[in-house]
Amino acid sequence: MTDKLQPFPKNFLWGGAIAANQAEGGWQAGGKGPDIADVLPHGIMHGPDAQVEPGVHYPSHEAIDFYHRHTADLQLMAGMGFNAFRLSIAWSRIFPTGEETEPNEAGLKFYDDLFQEMRSLGMEPIVTISHYETPLNLATKYGGWTSKKLIPLYLRYAKVLFERFGQYVHYWLTFNELNGVHLIPWAAGAFLPHGTESERLSQIYQASHNMFVATAATIKMAREIVPDAQVGIMLTMSNAAAYPATPKPADVFHTLTYQRRTFLYGDVELRGHYPKYFDRIVRDYDLHLDITPAELQLIADYTADYLAFSYYRTTTFTAGMKILGDTGGLTGKKNPYLPTSAWGWQIDPEGLRYVLNILADRYEKPLMIVENGLGVADEVGPDGRIHDTERMCYLVDHLKAVQEAITDGCDVLGYTWWGPIDIVSAGTGEMKKRYGFIYVDKDNEGRGDLHRRKKDSYALYRDIIQSNGALL
Ligand code: BGP
């Protein structure tokens, strides 16, 4: 047996990823309306503070001011040789309440400029249409995605994007981490589940279904307006990457049940139908769902072109552990074979190879890793530099795992590191949880002059990209 690794494909997409609400700031600039991230003082793990109170620090309001600094920031990304950059469009910049009949021109102009800059720097935009930033009005008035009223509103928004930006954007993603609806329903689905377990889970699956319908209808629309575009779905795979804690058959089956909570989303959106195991979930939890035959037909007719996902960590399961929680992050046990990050996330490069292989086998569609990264409380050293060795190891180890997966036969389109420049943490609202190759001078309370500074990892990622991965 030879152990020769295949090279990364010639046109592999190398880059980074951010979200509007975690980077842009300018929360009211250019006519932007408030969105669900703008009422989170401590990130999505702590839920919304329904009113925006004076004096409270809301990290999304200024973030890292990408809104005003994007030209210089994109040049820093170009300095690493990025040929791709993933970002989201803030829905409430385009439709401030989500319900206007005409889009907000200032918001459109902002992204127009951004895409032109990216194109002139040789970067392929990868655009998330909705990344945890639904207009706040749609959450408070309709209960977010639990209501079907959001489907036509989302479609109106997506139509404007395709018509205006179709000339620049080839890769689209409908929703960030759609399966996050289970763990972080406010962020992923713009609602807070309430009532009995059966009612809460019915809301979660109804919201998921409504987003499936919106995704299928968006794909249909894209085929008409921008026929060359690729429309993908985006899921978090930190949930699917689950290991049984022991070879005990009950632990193994329970782990499969847990994984299916994630697979369901890919199964519906890539295979085009609800899998059989979903019937049992409906019965066991006495779910009441409004799913019509016409919607199921639409889902069957318009499946996604590719599967994008985030991957940070894995988890470990034993029989009897809670599976269908509706808040509170990732459930599961600590894996004794893995190190953990300062935020308790288990670092597992081989898990990425495992996930890529599972997804390749299951769906036979192109895959894209659109989030992977390590949050560290980096500090500027006495020499004025940031020696982020831990991040450098994480990067290299995960990219080696990607290369193994490519050699295994997985069709991987690209890799965009999460937060190539420090941004606000989605989970906790902190600045201290830094992912960047570029440091931003700002602390948890919002102090700092926002000055950008390259960390040691900057040159490493640049060299890896330059060699198209051969350096690994
Ligand atoms: C993903 C989200 C991102 C993001 C990342 C890291 O789930 O799509 O928006 O921020 O996780 O999480 P955190 O910022 O909480 O460290």
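Predicted model: local features only at pLDDT ≥ 70, side-chain atom pairs only at ≥ 80, totals over all residues.
I started with the helix pair: P349, E350, L352, R353, L356 and N357 in α13 meet D397, H398, K400, A401, V402, E404, A405 and D408 in α14. Contact here is C-beta atoms, placed from the backbone, within 7 Å. I sorted the residues of this contact into six nonpolar, two polar and six charged. Nonpolar covers Ala, Val, Leu, Ile, Met, Phe, Trp, Tyr, Cys and Pro, charged is Asp, Glu, Lys and Arg, and polar is the others, Gly among them.

Numbering runs from 1 along each chain as its sequence is written.

Next I looked up the geometry. The axes of α13 (residues 349–363) and α14 (residues 389–408) come within 8 Å and cross at roughly 30°. The two helices are therefore roughly parallel (angles under 35 degrees).

Then I went to Y157, which sits in helix α7 (residues 150–165). Helices are DSSP runs of H or I, at least four residues, numbered from the N terminus. Is Y157 buried or exposed? Buried, because 22 other C-beta atoms lie within 10 Å; the cut-off is 20 or more. Leaving out residues up to four places away in sequence, Y157 touches W91, I94 and F95. I also checked A106, 51 residues from Y157 along the chain: their C-alpha atoms are 15 Å apart.

Last, the ligand. I found 14 residues around the ligand, the closest being A19, G375, S425, A426 and G427. That shell has three nonpolar, eight polar and three charged residues.

Methods:
Axes fitted to C-alpha atoms, helices over the stretch in contact; angles between N-to-C directions. Parallel < 35°, antiparallel > 145°, perpendicular 65-115°, else oblique. Contact = placed C-beta atoms within 7 Å. Buried ≥ 20, exposed ≤ 12 C-beta atoms within 10 Å, placed from the backbone. Near = placed C-beta within 6 Å.
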